[in-house]
Amino acid sequence: QVQLVESGGGLVQPGGSLRLSCAASGISYSIAAMGWFRQAPGKEREYVAEITSGGTSYVDFVKGRFTISRDNANDMVYLQMNSLKPEDTAVYYCNADVWMSSTTRRNYWGQGTQVTVSS
């Protein structure tokens, strides 16, 4: 059974940095893509960044501040967040697109980790 577990959230002052980690387990075939989404109070969940074998992509409002990276050997994905702003406050969710076989692909979510940017 595939599980995603996030860590690294917390309280940080504006302008500070945090590094989120996501560990995937139960991968029996391969991971097609891993990414991060976030959900602020009263708002819908929104896309933040993604990494595949072809490269990385980011939503405009985090470009230049956030960096996504992946450790393929250990099925980990990271989100380095710099120059944090109060509007970055949200629950951050790890997401993975997983190949279960050569023809079957499923999507999974982690439980989320809280990031609060406040002075």
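**View 1. Contacts across the whole chain.** Residues 24 or more positions apart make up 55% of the chain's contacts that have a separation of 6 or more. Keep in mind that what you're looking at is a predicted model. The chain has 119 residues, and 40% of them count as buried.

**View 2. Overall build: strands and dimensions.** Go through the secondary structure and you'll count 11 strands and 0 helices. Written out along the sequence, that gives the pattern β-β-β-β-β-β-β-β-β-β-β. Draw a box along the principal axes, and the C-alpha atoms fill roughly 50 × 25 × 25 Å. How does the radius of gyration look next to that of a compact globule? For 119 residues, such a globule would come out near 14 Å, and the chain has 14 Å, which agrees.

**View 3. The disulfide between Cys22 and Cys94.** The count of disulfides here comes to 1. It joins Cys22 to Cys94, with 2.1 Å from S to S. Cys22 belongs to strand β3 (residues 18-25) and Cys94 to strand β9, so the bond ties together parts that are 72 residues apart in sequence. Is this disulfide left-handed or right-handed? The torsion about the S-S bond is about -80 degrees, so the answer is left-handed. Neither end shows at the surface: Cys22 is buried at a relative accessible area of 0%, and Cys94 is buried at 0% too.

**View 4. Phe37 meets Trp109.** Searching the whole structure turns up 3 aromatic pairs. One of them brings Phe37 and Trp109 together edge-to-face, at 4.9 Å centre to centre and with 70 degrees between the planes. Why does this pair tie together parts that are 72 residues apart in sequence? Because Phe37 lies in strand β4 (residues 30-39), while Trp109 lies in strand β10 (residues 105-109). Trp109 itself is partly exposed, with a relative accessible area of 37%.

**View 5. Tyr93 meets Trp109.** Stay with Trp109 and look across to Tyr93: the ring centres are 6.5 Å apart and the planes stand at 90 degrees, so this pair is edge-to-face. Here, too, distant parts of the chain are linked, since Tyr93 sits in strand β9 (residues 90-99) and Trp109 in strand β10, 16 residues apart. Is Tyr93 buried or exposed? Tyr93 is buried, with a relative accessible area of 13%; Trp109, as in the previous view, is partly exposed at 37%.

View 6. Now put the rings together: Phe37, Tyr47, Tyr93 and Trp109 form one aromatic cluster. Which ring does the charged end of Arg45 sit over, 3.7 Å from its centre? That ring belongs to Tyr93. Arg45 also lies over the face of Trp109, at 4.5 Å from the ring centre.

Key
Residues numbered from 1 in each chain as written. Predicted model: local features only at pLDDT ≥ 70, side-chain atom pairs only at ≥ 80, totals over all residues. Heavy atoms only, no water. Phe/Tyr/Trp six-rings, centres within 6.5 Å; stacked < 30°, edge-to-face > 60°. Helix = DSSP H or I, 4+ residues; strand = E, 2+ residues; numbered from the N terminus. Buried < 20%, exposed > 50% of the residue type's maximum accessible area, 1.4 Å probe, protein only. Lys NZ or Arg CZ within 6 Å of the ring centre and 35° of its normal. Rg over C-alpha atoms; globule rule 2.2 N^0.38 Å. Contact = heavy atoms within 4.5 Å. Disulfide = S-S within 2.5 Å.
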